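Please look through the sequence and the structure below before reading the report that follows.

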Amino acid sequence: MSKGQSPIVHYYIRALILAGYTFYTVYLVNSDKLHYYIAPRMIPYVKWGAVCMFLFAAYTVYLAINEADVQRKAAASSACGCTTHHPQTPFKSIFLYGLFIIPLVLGYALPDKIMGSTAASVKGMNLGAATYNQQIERIEADVGEGKEKVDKQRSEQATNEDHTNQPAKDINELFPVSEYMEEFAELGIRLYGSDVIDIREELFMELLMTLDLYKENFLGKTVVMRGFVYREDDMEVNQFALSRIAMQCCSADAMPYGLLVQSADRSLADDAWIEITGKIGTTIYNDRQVIQLETLAVKPIETPDDPYVYPYFGDYLELLNAEKQ
């Protein structure tokens, strides 16, 4: 827009943009799709943000009406009445407003889809939870030091020995503790005495982290896990990853995590949601030792209402105790 042109049009464009984002948020809330893009703990803030945008839109309309009144009075008194707080050229206007309008149009035009194999192929699958914690290298070093103390003892034990009846002292040695991993060690001790480990959604990341850190302690244990099927090009024909998308704040930081699965059933389609019961083993994948589940049973399931998993910020053991009651 040329210099000196009325800013009224700018006010109305800005009001429309703000209203567009407001109503798009309302649409996502009403269609129960907001959690496709935002973690549950962030949803109240987004809702309040939509209210604020609506109020700003209304205020911007008020500014446009007020500006029109100012210009009418200026015209009557032959005064200028113009301002310079708006883009002054067509290029600037198109560029600045386009930064807001294009994402809004795409939001309305594109279908709302659950992230799955496509997102995993772009972001890269994390087998285990080794990248979940930034101190993982220090944690794994602590685990290694603790294991050296018990390797000799464990190598002398029979392969079919029931470890769940060992004295607490021996179990604590199997799960060394440091300032970075106390909760994971406590969770590992709790899981160690379980016949079946259910990798539930509420503690998905924390359970994967624990199994990954102490994988040698859980060899042969039975695991039940739910997720979608994902395959990479370098996987064997009888392998796939049982995966979930983990989100901390929003879809921008979402990352796929899962466990490698060995299964004779090759008919499972990518993105199919299944529940697997399998035994924990290990294998080498991409030059790294990872957990591999040997399939015992596969059951198709419906896609969950909320397909994503999130970090748990409470007490792990308190949650497990509450679920048992």
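## Salt bridges

A salt bridge is counted here when a side-chain nitrogen of Lys or Arg lies within 4 Å of a carboxyl oxygen of Asp or Glu. The model is a predicted one, and by this rule the protein has 10 salt bridges. One of them joins the side chains of Arg244 and Glu201, with a distance of 3.1 Å from N to O. Because Arg244 lies in strand E4 and Glu201 in the loop between E2 and H8, this pair ties together parts that are 43 residues apart in sequence. Arg244 is buried, with a relative accessible area of 1%, whereas Glu201 is partly exposed, with a value of 28%.

Glu201 also meets the side chain of Arg226 in a salt bridge, at 3.7 Å from N to O. Here the loop between strand E2 (196-199) and H8 holds Glu201, while strand E3 (residues 222-230) holds Arg226, so parts that are 25 residues apart in sequence are tied together. Arg226 counts as buried, at 15% relative accessibility.

A further salt bridge is formed by Asp212 and Arg288, whose closest N and O atoms are 3.1 Å apart. Since Asp212 belongs to helix H8 and Arg288 to strand E7, the pair ties together parts that are 76 residues apart in sequence. Asp212 is buried at a relative accessible area of 2%, but Arg288 is partly exposed at 29%. Salt bridges that share partners also join Asp198, Glu201, Arg226, Arg244, Glu275 and Lys299 into one network.

## The overall protein

The protein has 325 residues, of which 42% count as buried, and it contains 9 helices and 8 strands. Among its contacts with a separation of 6 or more, 72% are between residues 24 or more positions apart. The protein exposes about 18,000 Å², and carbon and sulfur atoms supply 57% of that area.

## Strand E5 and its partners

Strand E4 runs antiparallel to E5 and is joined to it by 8 bridges, with Gln239 standing opposite Gln262 in E5. Strand E7 (residues 288-300) runs parallel to E5 and is joined to it by 3 bridges, and here Leu260 stands opposite Gln292 in E7. Strand E5 itself (residues 255-262) is mostly covered, since 6 of its 8 residues are buried.

Ala246 lies in strand E4, which covers residues 239-246, and is buried with a relative accessible area of 8%. Leaving aside neighbours within four places in sequence, Ala246 is in contact with Met205, Asp253, Ala254, Met255, Tyr257 and Val309. Ala246 and Ala39 are 207 residues apart in sequence, yet their C-alpha atoms are 9.5 Å apart in space.

## Nonpolar cores

The largest nonpolar core has 40 residues, and the members that touch the most others are Phe175, Ile199, Phe204, Leu211, Phe218 and Leu293. Helix H8 (residues 204-213) supplies the largest share of this core, 7 residues. Not counting residues up to four places away in sequence, Phe218 touches Phe175, Gly188, Leu191, Tyr192, Ile197, Thr210, Leu211 and Ile280. A second, separate core of 20 residues includes Ala119, Ala241, Ala254 and Tyr285.

## Helices H1 and H2 and the surface patch

Phe23, Val26, Trp48, Val51, Phe54, Leu55 and Tyr108 make a nonpolar surface patch of about 750 Å². Helix H1 (8-30) and helix H2 (43-76) each supply at least two residues of the patch, and the largest share, 4 residues, comes from H2.

Beyond its neighbours within four places in sequence, Leu28 is in contact with Lys33, Leu34, Tyr37 and Asp112. Leu28 and Asp112 are 84 residues apart along the chain, and their C-alpha atoms are separated by 9.1 Å.

Note on methods: Residues numbered from 1 in each chain as written. Predicted model: local features only at pLDDT ≥ 70, side-chain atom pairs only at ≥ 80, totals over all residues. Heavy atoms only, no water. Patch = residues over 30% accessible without salt bridge, like charges linked within 9 Å, V, L, I, M, F, W, Y side chains within 5 Å. Areas by Shrake-Rupley, 256 points an atom, 1.4 Å probe, with all protein chains shown as cover. Buried < 20%, exposed > 50% of the residue type's maximum accessible area, 1.4 Å probe, protein only. Contact = heavy atoms within 4.5 Å. Pairing = 2+ DSSP bridges. Core = buried A, V, L, I, M, F, W, Y, C linked by side-chain atoms within 4.5 Å.
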